[in-house]
Amino acid sequence: MKVVELFAGIGGFRLGMGNHNFVYVNDMNKDARKVYESKFGHIPDDRMIEDVPTEDIPDHDLLCGGFPCATFSIAGSRKGLSKTHEKGMLFYEIIRIVSGKLPKYVLLENVEGLLTHDSGRTFAVILYELGRLGYSVQWQKFDSVNFGTPQHRERVFILGIRGEGFQVFPIIPKSKTVFDGEVLQYRRGTVRTFKKGTFPCLTASMGTGGNNVPLLKKGNNYRKITHEECELLQGIPLGHTECIGGASRYERLGRTLNPNIVKAIIERIEKNESL
Ligand SMILES: C[S@@+](CC[C@H](N)C(=O)[O-])C[C@H]1O[C@@H](n2cnc3c(N)ncnc32)[C@H](O)[C@@H]1O
């Protein structure tokens, strides 16, 4: 399939999708692009998506993207899809491109708070906008603990199929991964403890020192989680982000998604394509 990856970050969708033909990739963040280029040999378009005319995007079969979630997450401003709010607007950039290109599939990822934001009205707008372009839409909430990593990370995946579509969700997880260790999280001046067996959700701010920093128990001490441990907790290959460092590497790792989930979804789609 020809694929377009928007808001590509370090390529979580691409990692999960394997050998498909990525015809256009976009992300405005320099370090994300650096990782993407170093691991996939593909230089993403660096323009803000608002500045990319639809005609610049090649025809494709599947458009995917984890669009910025600050407006939807419980921790975010909860301003939702307001057309006057910059980050909520980015969903409408997806709609602009989808309406111009009409790919067979649209696969989006976001924080699970999207489902309940503004008493469900935000999500209703998403369904309405995709529906009016001729997509049948399905969605599922996934937790990374059920997809090969011990991180408790809940995300919603939304799949639009043009026309009548076919059933991809629900994907029933086979097993749960248990975290073998002890962890605390430093959060706004307090320390949270976690049930044994689970690792808290990695966040974009964990590298900046003040908030949501996971601390691992080693002997009698606690230490900050390493970049490599974040890679393993996100289910991405070890060393994937090695070309960047410091807080930026933590940030990129906190923003990415679990490719195992994408893989499970794509396998279902491929199976149906080959019928
Ligand atoms: C939630 S992250 C997506 C992470 C990605 N799925 C991954 O696997 O790393 C959202 C991305 O959107 C990018 N972004 C935000 N606003 C943008 C804009 N207006 N135009 C282009 N990219 C944008 C950010 O740089 C960020 O990498």
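The questions below concern the domains, the sheet, the ligand shell and a few single residues of this predicted model.

Trainee: Into which domains is the chain divided, and how many Å apart are their C-alpha centres?
Mentor: Domain 1 is made of two stretches, 2-173 and 256-273. Domain 2 covers 183-253. The C-alpha centres of the two domains are separated by 24 Å.

Trainee: Which helix gives the most residues to the side of domain 1 that touches domain 2?
Mentor: In the contact between the domains, 22 residues of domain 1 meet 16 residues of domain 2. Helix H2 (30-40) and helix H7 (259-273) each supply at least two residues of that side of domain 1. The most, six residues, come from H2.

Trainee: How many residues of each class are on the side of domain 1 that touches domain 2?
Mentor: Each residue of that side is counted as nonpolar, polar or charged, with Gly counted among the polar ones. The side of domain 1 that touches domain 2 has four charged, eight nonpolar and 10 polar residues.

Trainee: Against which helices do the buried residues of H6 pack?
Mentor: Helix H6 spans residues 246-255, and its buried residues include Tyr250, Glu251 and Leu253. Arg249, Arg252 and Arg255 are buried in H6 as well. These buried residues pack against helix H5 (227-234) and H2.

Trainee: Which strands are the edge strands of the open sheet?
Mentor: Six strands form this sheet with mixed pairing, in the order S2-S1-S3-S4-S6-S5. From one strand to the next, the twist averages 20 degrees. An edge strand pairs on one side only, and that applies to strand S2 (21-25) and strand S5 (135-143).

Trainee: At about what angle does helix H4 run to S5?
Mentor: Helix H4 consists of residues 121-132. This helix lies across S4, S5 and strand S6 (154-162). Its angle to S5 is about 145 degrees.

Trainee: Is Ala124 buried or exposed?
Mentor: Ala124 lies in helix H4. Because Ala124 has 12 other C-beta atoms within 10 Å, it is exposed.

Trainee: Which residues come nearest to the ligand?
Mentor: The shell around the ligand holds 11 nonpolar, seven polar and three charged residues. Of the 21 residues around the ligand, the nearest are Phe7, Gly9, Gly12, Asn29 and Gly66.

Trainee: Is Phe7 buried or exposed?
Mentor: Phe7 is placed in the loop between strand S1 (2-6) and helix H1 (12-17). Its phi is positive, about 50 degrees, although Phe7 is not a glycine. Because Phe7 has 24 C-beta neighbours inside 10 Å, it counts as buried.

Trainee: Is Ser119 buried or exposed?
Mentor: Ser119 is found in the loop between S4 and H4. This residue, which is not a glycine, has a positive phi near 55 degrees. With 8 C-beta neighbours inside 10 Å, Ser119 counts as exposed.

Trainee: Near how many degrees is omega for the peptide bond from Phe169 to Pro170?
Mentor: Pro170 is found in the loop between S6 and strand S7 (183-187). The bond from Phe169 to Pro170 is cis, and its omega is near 5 degrees.

Notes:
Residues are numbered from 1 along each chain as its sequence is written. This is a predicted model: local features need pLDDT of at least 70, side-chain atom pairs count only at pLDDT 80 or more; totals for chains, interfaces and linings use all residues. A residue is near a molecule or strand if its C-beta atom, placed from the backbone, lies within 6 Å of it. Domain bounds come from an automatic or database domain assignment. Two residues are in contact if their C-beta atoms, placed from the backbone, lie within 7 Å. Helices (H or I, at least four residues) and strands (E, at least two) are DSSP runs, numbered from the N terminus. A residue is buried if 20 or more other C-beta atoms lie within 10 Å of its own, exposed if 12 or fewer, and partly exposed in between; C-beta atoms are placed from the backbone. Two strands pair if DSSP finds at least two bridges between them. Axes are lines fitted to C-alpha atoms, for helices over the stretch in contact, and angles run from 0 to 180 degrees between N-to-C directions.
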